[in-house]
Amino acid sequence: MKKIAIIGGGIGGLTAAITLKNKGFTCDVYERSPVFEEVGAAISVWPNALRVFRKLQILDDVLENCGEIKEAYIKTSTGKVLARTQPVYDLPAVCTHRADLLAALLKQLPPENLHPGHELSDFYTHADGSAHLKFTNGKEVDADLVIGADGIHSALRKKIKGDEVPLFRGYNLWRGIAKLPLEQGYASESLGRGNRVGIVPIRDGLFGWWATANETQGLSDEPESTHEKLKRIFSTWHDPIPQLFDNTPAIIKNSLIDRAPTGGWSTANPVLLGDAAHPTTPNLGQGACMAIEGAYLLTESLYKYGISDRALKIYEQAHFQRTKEITNNSLMLGWLGQLQNPLAANLRNLFFYVQPDKVSMQILDKYFNYDVTNIEI
Ligand SMILES: Cc1cc2nc3c(=O)[nH]c(=O)nc-3n(C[C@H](O)[C@H](O)[C@H](O)COP(=O)(O)OP(=O)(O)OC[C@H]3O[C@@H](n4cnc5c(N)ncnc54)[C@H](O)[C@@H]3O)c2cc1C
């Protein structure tokens, strides 16, 4: 029986483990953290990703702890509504706590195939193309195929594509989860000058939020402290934004990075999946959604063509164009959202205001309506 090793137990790696298991592959997941875990923040899971979970018959497990977006707004920093929409698709547009999504995925997998505390340290291929993996805990395993689902800083990507550094896009982002007195189903993105704040519903009055600022990469919030700094930057913004930060016990900060989209996601071994292959800024909320789609496509291709170079190339051909377009459009939306010049920011706001709401949403519809489970591999 051929063996597949997945390096990385994030959303991409775990979804791939489920799709592969369902098609009868023997597959193990190796994760460097001592437990499978996600950061304490929200994630949007759009209908295009939920269609994969529906196909895998795990939709109910995933939706159990999700909040549905019923009314979404684009606003100015003072609260003027520039655009509004009520998402209507065959499946809901939802947000959830990352840990809940990970738990729903872990539930589908036999514990004997999950290996936390395994950080890949070395990898080489045998003459027959199969792989030998070494982990920092001293374990060594052989696998017929290695899937690199090890995130944006992927060590396996480095093996294939060399030492490229991810690109910093000029702004930092804070995020957290807060209890807020808002209608359940409320979502918004508020636009300022060089700053934005997004709010999405999770469940039971909990909302995920994120806030941005044009800053240098890795800038520390000390000595002011993150909470005080955010309260200062967003003190004049519309409600409930100034209250967000005191209601959030733990705030995470990231510098936003991605890579220019390029193909070449595999040699005969390994093949890259998710952020390791196509990292994107989060402005369209599609990074994990694309990893979920990719897991589905890769499995379908391996199932049809066997573990082979051909299968890996067909997976990439089916997925690359979409990931490239989303990555580029996400970058552009981020640039638009972070405009600092008052004139440029006002023109952007005017653009959203005068567009019929339907037109503003069309760019998103294109991505949300996509059904990867209908793709003929
Ligand atoms: C601020 C922000 C907001 C976002 N919001 C959204 C959103 O709303 N919707 C959405 O779809 N996407 C969103 N994304 C993107 C999403 O988080 C990523 O695209 C997604 O997590 C990628 O999943 P992955 O499994 O490919 O990689 P990761 O989630 O990065 O997982 C990689 C895993 O590999 C492990 N690993 C790394 N190296 C090794 C090694 N050497 N050995 C073993 N294990 C290793 C890591 O510990 C990790 O668990 C957002 C991203 C950011 C930064």
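This is a predicted model: local features need pLDDT of at least 70, side-chain atom pairs count only at pLDDT 80 or more; totals for chains, interfaces and linings use all residues.
Let me begin with the ligand, which is surrounded by 33 residues, the closest of them being Gly8, Gly10, Gly151, Gly274 and Gly287. The elements that contribute two or more residues to this shell are α1, spanning 11–22, β3 at 42–45, β13 at 167–179 and α8 at 287–305, and of these it is α8 that gives the most, with four residues. If we sort the shell around the ligand by class, we find 14 polar residues, 13 nonpolar residues and six charged ones.

From the shell I would like to follow α1 to its contact with helix α4, residues 98–106, where the two axes come within 9 Å and cross at roughly 20°. Because angles under 35 degrees count as roughly parallel, α1 is described as roughly parallel to α4, and the crossing of these two helices is left-handed. On the α1 side the contact is made by Ile11, Leu14, Thr15 and Ile18, while α4 supplies Leu101, Leu102, Leu105 and Leu106. By class, that gives the contact of α1 with α4 seven nonpolar residues and one polar residue, with no charged residues.

My last topic is the hairpin. Strand β10, residues 131–135, pairs with strand β11, residues 140–143, in the antiparallel sense and over four bridges, and within this pairing Leu133 has Val141 of β11 as its bridge partner. Four residues lie between the strands of the hairpin, in which Gly138 adopts a positive phi near 95°.

Methods. Residues are numbered from 1 along each chain as its sequence is written. A residue is near a molecule or strand if its C-beta atom, placed from the backbone, lies within 6 Å of it. Ala, Val, Leu, Ile, Met, Phe, Trp, Tyr, Cys and Pro count as nonpolar, Asp, Glu, Lys and Arg as charged, and the others, Gly among them, as polar. Axes are lines fitted to C-alpha atoms, for helices over the stretch in contact, and angles run from 0 to 180 degrees between N-to-C directions. Angles under 35 degrees count as roughly parallel, over 145 as roughly antiparallel, 65 to 115 as roughly perpendicular and the rest as oblique. A crossing is left-handed if the near helix is turned anticlockwise from the far one by less than a right angle, and right-handed if clockwise. Two residues are in contact if their C-beta atoms, placed from the backbone, lie within 7 Å. Two strands pair if DSSP finds at least two bridges between them.
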